[in-house]
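Please keep the sequence and the structure in view while going through the numbered points.

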Amino acid sequence: EEENEEEPKLKYERLTNGVTEILQKDAASCMTVHDKFLALGTHFGKVFLLDIQGNVTQKFDISPVKINQISLDDSGEHVGICSEDGKVQVFGLYTREGFHENFDCPIKIVALHPQFGRSSSKQFVTGGSKLQLYERNWLNRWKTLTLHEGEGTITNIKWRANLIAWANSVGVKIYDISTRQRISNVLRDNASLRPDMYPCSLCWKDNTTLVIGWGTSVKICAVKERDPTEVRDLPSRYVEIVSAFDTEFYISGLGPLGDQLVVLYYVKEISDEMDKEFRARPRLDIIQPLPEACEEISSDALTVRHFQENECRDYGLEHSEGESLFYIISPKDIVVAKERDQDDHIDWLLDKKKYEEALMAAEISFKNIKRHEVQKIGIAYINHLVEKGEYDVAARKCQKVLGKNMELWENEVYRFKTIGQLKAISQYLPRGDLRLRPAIYEMILHEFLKSDFEGFATLIREWPGDLYNNMTVVQAVRDHLKKDPNNETLLTTLAELYTYDQRYDKALEIYLQLRHKDVYQLIHKHNLFSSIDDKIVLLMDFDKEKAVDMLLDNEDKISIDRVVEELKDRPELLHVYLHKLFKRDHHKGQKYHEKQISLYAEYDRPNLLPFLRDSTHCPLEKALEICQQRNFVEETVFLLSRMGNSRRALQMIMEELHDVDKAIEFAKEQDDAELWEDLISYSIDKPPFITGLLNNIGTHVDPILLIHRIKEGMEIPNLRDSLVKILQDYNLQVG
């Protein structure tokens with residue numbers, strides 16, 4: 001099949017019911033269409049009124065021979081019938097009174113004034129060898145007027161508003177009943193064709209446009225008003241041919257469809273083997289007339305019953321003004337053509353597997369199409385995608401197509417399970433107010449758990465926890481962990497499941513085991529301090545700083561003593577905790593200050609001296625003992641000084657640290673004459689110390705005393721500069 005096959009414009013169905021039965025025994029000779037009913041004439045002289053489904057509502061036995069024509073007025077209450085034996089009847093369908101006449105020649109055609117029922121003159125025309133107008137006079141008698149004769153048998157009449165168009169052997173004429181003038185004569189082109197075998201087709205497109213089809217020729221005529229200034233004895237209206245073109249086949253009938261035409265063609269073809277003509281299926285085409293040609297819009301060959309036996313004159317085309325309905329009449333079959341609607345368009349798209357377009361078309365016309373119809377289309381589309389192996393696209397369509405129908409959703413899920421594609425549909429399942437049974441979600445989770453831990457974890461994160469039975473899923477995960485106890489993905493997911501189920505202590509254990517960043521958030525959010533007092537080491541191993549801050553911030557929930565107890569076997573962690581506690585408050589952990597001395601000494605010497613300085617609860621002897629053992633000179637100096645043993649402290653500064661500036665600084669702080677004496681005695685044989693003293697002691701000790709004690713001949717660095725400075729200071733003091 002061609003990919004770009006065009007969609008048909010019309011759809012067809014046979015007129016059945018009563019019509020089927022009639023045409024089995026009899027044959028259709030003519031038919032007239034009203035919006036609400038049909039009138040069918042037969043070869044055996046019967047007229048049947050039918051509803052539009054083809055059921056007989058009334059039957060008239062008119063004549064023993066063929067009914068040639070039936071005409072209805074616009075109201076559908078009056079009918080004109082003529083037959084081959086010259087009988088003409090015009091009557092009210094509901095009154096039966098009217099005109100009944102037998103003529104001595106066949107009457108081929110009858111046409112009622114469109115407003116017959118409303119006018120008092122009750123005009124109608126008949127056509128046989130001549131065109132006659134009948135009307136009632138003021139005495140209620142029928143008056144006859146011959147409008148035309150002498151050009152052969154009249155085969156067709158069409159009356160629209162004030163204009164009567166008729167065809168005879170020569171051509172088509174138009175008569176204006178309002179001015180009683182004949183206004184046109186359109187000659188026929190195919191003069192060689194027998195007019196009785198290839199009769200003329202006429203149809204009014206509107207009140208002033210007549211379409212003529214004859215043989216293989218089409219003419220469209222516009223009736224126009226003549227300019228009143230033109231010659232007076234001409235008719236007030238004239239005809240302009242606005243389009244004329246030839247067709248490939250013989251015309252059997254015409255009907256208007258907007259600005260296009262529907263044409264019924266009688267088709268003859270030459271057989272290849274015999275080189276002989278045979279009658280083919282008739283064609284119904286939609287054409288677009290142009291000034292000198294036409295464009296074929298669509299063309300359908302119709303399999304009409306007994307088409308092989310029909311002539312051009314055996315076919316007819318009638319149309320219903322109200323709807324775009326076209327009736328193809330043939331002796332043994334009547335087919336109705338109808339413009340295809342949105343439903344047909346959708347069916348065609350589905351037939352061509354154009355599901356996406358069908359869905360869009362269905363949604364556009366959603367007001368007229370029931371929801372389940374759209375769903376039907378959508379499901380067909382999903383099936384098609386699944387067949388093609390496009391599982392993800394198919395699953396995505398489920399959201400749009402299945403909507404709120406949970407039963408359809410479940411069917412789809414099971415179908416996807418059968419084809420091993422549960423994963424594809426999982427991300428599109430309903431998870432809002434409308435949802436499936438928990439078992440469905442559990443089935444999908446189990447499927448993922450078998451083969452895709454990451455996918456499983458994603459679903460647990462994305463799906464609301466109340467879609468499934470939490471305990472069932474927890475148990476399944478724990479079973480898997482027995483085989484793979486360190487699987488981080490599964491452990492994390494299990495922790496999330498516990499959290500959702502408010503079993504935070506269980507979640508916490510896993511998070512700590514995994515050193516998961518959410519631990520602290522979880523503890524705070526769910527106030528899990530009672531669950532962590534035996535997990536302090538774990539917490540601190542994971543992140544000391546965060547753990548300590550949290551413990552100190554929540555001291556009311558986890559006491560200092562409890563933390564110290566937990567950390568007793570991990571002194572390096574205990575130190576971090578107590579150090580931070582001390583920095584926050586010098587007194588809170590006072591009972592642990594003694595312990596802290598050795599902790600600082602072991603793990604954090606730079607902070608030992610600040611601690612000794614700031615703590616008022618520290619046992620100094622103990623501290624001194626530890627510092628001396630470890631030979632921590634600075635700390636020992638500080639402690640000796642704090643304990644009042646300044647001379648020993650000064651001695652350590654000089655002997656162990658060899659730092660004259662520090663020694664002088666220390667002597668200045670203590671401001672004790674004995675200390676200065678010790679300092680000078682110690683320094684006197686050490687030139688660098690002497691320089692330091694000369695430069696710094698002027699404010700506390702008379703430099704002259706120092707200079708007297710320096711041994712002669714000792715070399716002292718920068719002595720000159722020191723002496724100048726001393727003299728300057730001295731002058732300043734004296735001055």
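This is a predicted model: local features need pLDDT of at least 70, side-chain atom pairs count only at pLDDT 80 or more; totals for chains, interfaces and linings use all residues.

1. Arg-14 stands opposite Val-335, a residue of strand E30. Strand E1 covers residues 10-14, and strand E30 covers residues 333-339. The two strands run antiparallel and are joined by five bridges.

2. The next point concerns the sheet as a whole. How many strands does this open sheet have, and in which order? There are four, in the order E1-E30-E29-E28, and their pairing is antiparallel. The edge strands are E1 and E28, each of which pairs on one side only. On average, neighbouring strands of this sheet are turned by 25 degrees against each other, direction ignored.

3. Asn-310 belongs to the loop between strand E27 (294-301) and strand E28 (316-320); E28 is also an edge strand of the sheet described above. Is Asn-310 buried or exposed? Its relative accessible area is 5%, so Asn-310 is buried, the cut-off for that term being under 20%. Leaving aside residues up to four places away in sequence, Asn-310 touches Tyr-266, Arg-279, Arg-305, Tyr-315, Ser-330 and Pro-331. With one of these, Tyr-315, there is a polar contact between side chains, at 3.3 Å. Phe-48 is 262 residues from Asn-310 in sequence, and their C-alpha atoms are 22 Å apart in space.

4. Asn-102 is found in strand E9, which comprises residues 98-102. Because its relative accessibility is 54%, Asn-102 counts as exposed; that term requires a value over 50%. Which residues does Asn-102 touch, if those up to four places away in sequence are not counted? They are Gly-86 and Lys-87. Between the C-alpha atoms of Asn-102 and Thr-229 the separation is 47 Å, and these two residues are 127 residues apart along the chain.

5. The last point turns to a helix. His-575 lies in helix H18, residues 571-584. With a relative accessibility of 5%, His-575 counts as buried. Its contacts, not counting residues up to four places away in sequence, are with Leu-599, Tyr-600, Tyr-603 and Asp-604. Which side chain makes a polar contact with the side chain of His-575? It is that of Asp-604, at 3.1 Å. The reader may wish to locate His-575 and Asp-604 in the structure and view this side-chain contact directly.

Conventions: Residues are numbered from 1 along each chain as its sequence is written. Side-chain values use heavy atoms; hydrogens and water are left out. Buried means under 20% relative accessible area, exposed over 50%, partly exposed in between (1.4 Å probe, protein chains only). Contact means heavy atoms within 4.5 Å. A polar contact is a pair of N or O atoms within 3.5 Å; within protein, one must be able to donate a hydrogen and the other to accept it, and residues adjacent in sequence count only if both atoms are side-chain atoms. Two strands pair if DSSP finds at least two bridges between them. Axes are lines fitted to C-alpha atoms, for helices over the stretch in contact, and angles run from 0 to 180 degrees between N-to-C directions.
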